[in-house]
Amino acid sequence: MDNMLILLFFLLGLIFGSFFNVVGLRAPLKQPFVNDRSICPQCNHQLKWYELIPILSYIFQRGRCRHCHKKISYLYPLIELLTGLLFAFSYIKVGLNAEMMTALLFVSMLVIIFVSDMAYMLIPNNILLFFLPLFIVMRIIHPLDPWWSSIMGALAGGMIIALVILVSRGGMGAGDMKLFGLLGIILGFEKTLLTLFLSCMIGAVLGLVLLLLKVINRKQPVPFGPYIVVAAMTAYFFGDAVLSWYFNDLM
Ligand SMILES: [Zn+2]
């Protein structure tokens, strides 16, 4: 494994991560992503290039804006670091091949959705619509085996969530349904079901822990998107190992 390439993908991820912060926060508001991106959200101060270096700016400014001295959310550097690690990990796990681009697009979409869902409790339609054609093209270039597993995954993911929405009347929304349709294209049938299972497990366990620690109360709605994001990444990178362990060793 080439260490220089791992470092390169990590740095690339840091830069993309700081862009995904902006996209995730602006997409639900339907604001443009590229225009005047470099302002402090508190005082609208135009940021200089050295205030935009991922993670380092945050550390050197001790988490505060240089102009108005208001606190900057720790989520910004955290998302940057997370994206850096995910890009490097995609290269380590997948390697330089046709699937690599799919892996990068997949984690990119999930990081943006994580930001939006944490900030606004919604999964933005324009983000899903942006990634849909890219995912279809990637699965034509590098199809699953069998290729129709993508179609089965999209149908199963979307239909099961639709059923959950009908039965539960709330809890999950149309955004979750569309997201699962998209995940199905990339993951295929089995790993989409695995994602559903894992996201419910993570949601139940973490929900219980947060209730017990009194971080949340029973009536407070909790965004489900972050659980789906973690479950989908687990299914994508480790799904084969998990499924073969379950079906070969346990059954
Ligand atoms: Zn400021």
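Helices (H or I, at least four residues) and strands (E, at least two) are DSSP runs, numbered from the N terminus. The views show a predicted model, in which local features need pLDDT of at least 70, side-chain atom pairs count only at pLDDT 80 or more, and totals for chains, interfaces and linings use all residues. Residues are numbered from 1 along each chain as its sequence is written, and side-chain values use heavy atoms, with hydrogens and water left out.

**View A. Residues 224-247 are 96% helix and 0% strand.** The end C-alpha atoms of this stretch are 28 Å apart. The unreviewed UniProt entry lists residues 224-247 as a "transmembrane region"; such annotations may be inferred rather than shown by experiment.

**View B. Four cysteines hold the zinc ion.** Its protein donors (N, O and S atoms within 2.8 Å of the metal, or 3.2 Å for Na, K and Ca) are the SG atoms of Cys 40, Cys 43, Cys 65 and Cys 68, at 2.3 to 2.4 Å. The arrangement is tetrahedral (four donors, all angles between 85 and 135 degrees) because the donor atoms subtend angles of 103 to 120° around the zinc ion. Cys 40, in the loop between α1 and α2, and Cys 65, in the loop between α2 and α3, are 25 residues apart. Both Cys 40 and Cys 65 are buried (under 20% relative accessible area, 1.4 Å probe, protein chains only).

**View C. Met 109 lies in the largest nonpolar core.** Such a core is a set of buried Ala, Val, Leu, Ile, Met, Phe, Trp, Tyr and Cys residues joined through side-chain atoms within 4.5 Å. Of its 53 residues, Phe 106, Met 109, Phe 135 and Leu 183 touch the most other members. The largest share, 13 residues, comes from α4.

Note on methods:
Tetrahedral: all angles 85-135°; square planar, octahedral: opposite > 155°, others 65-115°. Buried < 20%, exposed > 50% of the residue type's maximum accessible area, 1.4 Å probe, protein only.
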